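Please read it with the structure in view.

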Amino acid sequence: SGFNSIGHMDTMLRGRRQIGHCKEGEEFIQNVFHILFQIFTGKEKSNLSICWLQYEISKVVQCLQAKKKKKLKAQGRKSKRLAKNFLKASDNRNDLSLWKLYAYLEWLLGNTDDARKVFDTALCTAGTGGLKSAHLCSLSLLYAQLEVELLESIEGAVTSRAVHILTKLTENGPYVPYSGQVLPVRVLKARKTYEHALQDYLSKPVVSEEDQVSDADQLVNLVGCYALFQYLTVGIDAAVLIYTQTSEKLKASGPEKCEKTGESSGIQKFPSALEAVTLLHTNLLRFHMKISVYPLNPLREALTEALKQYPSNRSLWRSYIHIQRKSHSASKARRFFDSVTRSTNSLEPWLFAIQAEQMRKKLAEKVQRGDVGEIHCTIPETGLANRIVALFEHAVQSENGTHCPLLWRMYLNFMV
């Protein structure tokens, strides 16, 4: 019909049914993948396989969020069939990135034991690269992160499967599946290995440009594994220390120093690495707060610092909104949004500022409409609608906002 939403527009509600992937949009995307799959060969083809599987996983995540069990089952079957077909191809049998996505898919679908088998198989066939292998590090980090999410408390985590995975990674030997015990000696050796590996990485000399992207990824995976290992064996403070020290070193090797010496040092890789390390740091703090008692301030400070540097990072904004919802005072968050929107051209701060106010309005209305007789509302609704309209007005006047269809649709939707 010419104006179908392609892919998602999950900020909008159409009646009671949430807009997900409409039929025409989904057909279009599948056709694009099928046609490209016949054209590409070699490395491009395996990259396309990864993109396609990531897209399928995003649909599974959407079903999980919407709590649609029937749809999840059907979607899971389709996605697993696709993943297995990819892995049957002779070129992909040793592609750890695909194995990692397939294991993650099984985990999301609730098949934890099957996912563990896939992870173990992938780690056993991956060889003995240890901390020097980027794919092995990335695979072990995801496996350990998923295992940690199953923990109910941090006590006794030293003997957990996650510690076994992270310890085996440092040993450069063939992987052995978890048998229920991690020896203290191996934990101590692993800690030393991580420490030296991280120091070597941070003091690495200049590298060629093509190596920079993989180097940045490898550094992030290494820091993630080391910090998670410290979190499980020592505690949250030890993990936070690694993140802060790494961030300081990455900031210290910024572009200013290289301009003075006139050398083209390998610093261009650091902004992306720094952002990813910051994200790992805030995610770990959020997780720790979920399973134990911990003050909110360290997380709030880490998020505000990070968002000043990376105003277009959506994951960081989501975390920020999530923690601000717990506070009844909106003024601090409003001042922060205001300062960020003034200092950047990116549109994300506007969109999240609007979303935060809409959530506040929804909460206020829910309280006021409660079917419980007289209610003394703790959050006054007055002015929230006007504030949201003002935010929309300012956002659509900004250079990027004028050309953002999503923003205009949200504005129209709100006015209706």
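1. The crossing of helix 2 and helix 3 is left-handed, a term used when the near helix is turned anticlockwise from the far one by less than a right angle. Helices are DSSP runs of H or I with at least four residues, and strands are E runs of at least two, numbered from the N terminus.

2. This is a predicted model, in which local features need pLDDT of at least 70, side-chain atom pairs count only at pLDDT 80 or more, and totals for chains, interfaces and linings use all residues. Residues are numbered from 1 along each chain as its sequence is written, and side-chain values use heavy atoms, with hydrogens and water left out.

3. The axes of helix 2 (residues 42-66) and helix 3 (residues 69-88) come within 9 Å and cross at roughly 165°. Helix 2 is therefore roughly antiparallel to helix 3 (an angle over 145 degrees, taken between N-to-C directions on a scale from 0 to 180 degrees, with axes fitted to C-alpha atoms over the stretch in contact).

4. Contact means heavy atoms within 4.5 Å. Among the residues making the contact are S49, W52 and L53 of helix 2 and L82, A83 and F86 of helix 3.

5. S49 lies in helix 2 and is buried, with a relative accessible area of 1%; buried means under 20%, with a 1.4 Å probe and protein chains only. Leaving aside residues up to four places away in sequence, S49 touches F37, F86, N92 and L98.

6. The protein chain has 19 helices and two strands. Of its 416 residues, 45% are buried.

Methods:
Angles under 35 degrees count as roughly parallel, over 145 as roughly antiparallel, 65 to 115 as roughly perpendicular and the rest as oblique. Buried means under 20% relative accessible area, exposed over 50%, partly exposed in between (1.4 Å probe, protein chains only).
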